[in-house]
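Dear colleague,

I am handing over the structure below, and I would be glad if you would look through it before reading my notes.

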Amino acid sequence: MRRIKNHDERKEACLSRMLYVAKTDEDYREIVKRKELLDYKAIFGNDNPVELEIGCGKGRFVLELAKRNPDVNYLAVEVNSNVIIEACEAVMEENVPNIFFMRCGAELLEKYIPAGSIQRIYLNHSCPFPKNRYENRRLTNLKFMPIYSHCLVANGEIHQKTDNMHFFEYSIEQFSAYGAKLKNISLDLHNAGFEDNIITEYEAKFLRKNMPIYRLEAVFNHNT
Ligand SMILES: C[S@@+](CC[C@H](N)C(=O)[O-])C[C@H]1O[C@@H](n2cnc3c(N)ncnc32)[C@H](O)[C@@H]1O
């Protein structure tokens, strides 16, 4: 993957807002065992509830969400170094205090996130990885469910949006197989009278093509 212009300098300028994971070939299960649990009070300077976006891309969604909800803290997770820098720059430019970034894969969340500390997780237009051989990279694959369950408070929610019908069906199967309760399912979000929707970068692209956006909410209780 090509790096954005001046990648290293720009990354350096973002460090005060970002938690980095060193590149390593080590098995992620080994990395997860060495806990470095986040201290939210030290990071955000308050005890406000914390929500998580996984795969935040260039950060349009989380930036707007954080501006609308100044009493909620947001962690934005992203594996791609280029886009997370752009997201971080946008947040720093607007001086929005309640967002911090984590450059890591969702696979590593149990290393950082204290158990039962996240009120809500957002999965917006996650990569669908249509080929079966990459199924375990899909962010709604069953392998991620215990990780999400670890992070979430009891009855915490995952809010998912996607433009991909097959991925949406797959996600419904996976959430259900894990025992999460589904609610507010929409097969055409933008014609469903849903208020307060925040359009993400990818969502804007698909809307321009008149494609429907699928959305659901999955409730996790700790017995799932
Ligand atoms: C299709 S983009 C969507 C970006 C943004 N959420 C939006 O709606 O415009 C999916 C993003 O998820 C990130 N991603 C993919 N797998 C991930 C993982 N395991 N952990 C964290 N981020 C991931 C990708 O790098 C990419 O930026």
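What follows is a short account of what was found in it.

This is a predicted model, in which local features need pLDDT of at least 70 and side-chain atom pairs count only at pLDDT 80 or more, while totals for chains, interfaces and linings use all residues. Residues are numbered from 1 along each chain as its sequence is written.

The chain holds nine helices and eight strands, taken as DSSP runs numbered from the N terminus (helices H or I, at least four residues; strands E, at least two). Its radius of gyration, taken over C-alpha atoms, is 17 Å, close to the 17 Å that the globule rule (2.2 Å times the number of residues to the power 0.38) gives for 224 residues, so the chain is as compact as a globular protein of that length.

Around the ligand there are 19 residues, of which Gly55, Gly57, His125, Thr200 and Tyr202 come nearest; a residue counts as near if its C-beta atom, placed from the backbone, lies within 6 Å. Helix α9 (residues 201–208) contributes the most to this shell, with three residues.

Of the 224 residues, 35% count as buried, that is, with 20 or more other C-beta atoms within 10 Å of their own C-beta atom, placed from the backbone.

With best regards

Key. Buried ≥ 20, exposed ≤ 12 C-beta atoms within 10 Å, placed from the backbone.
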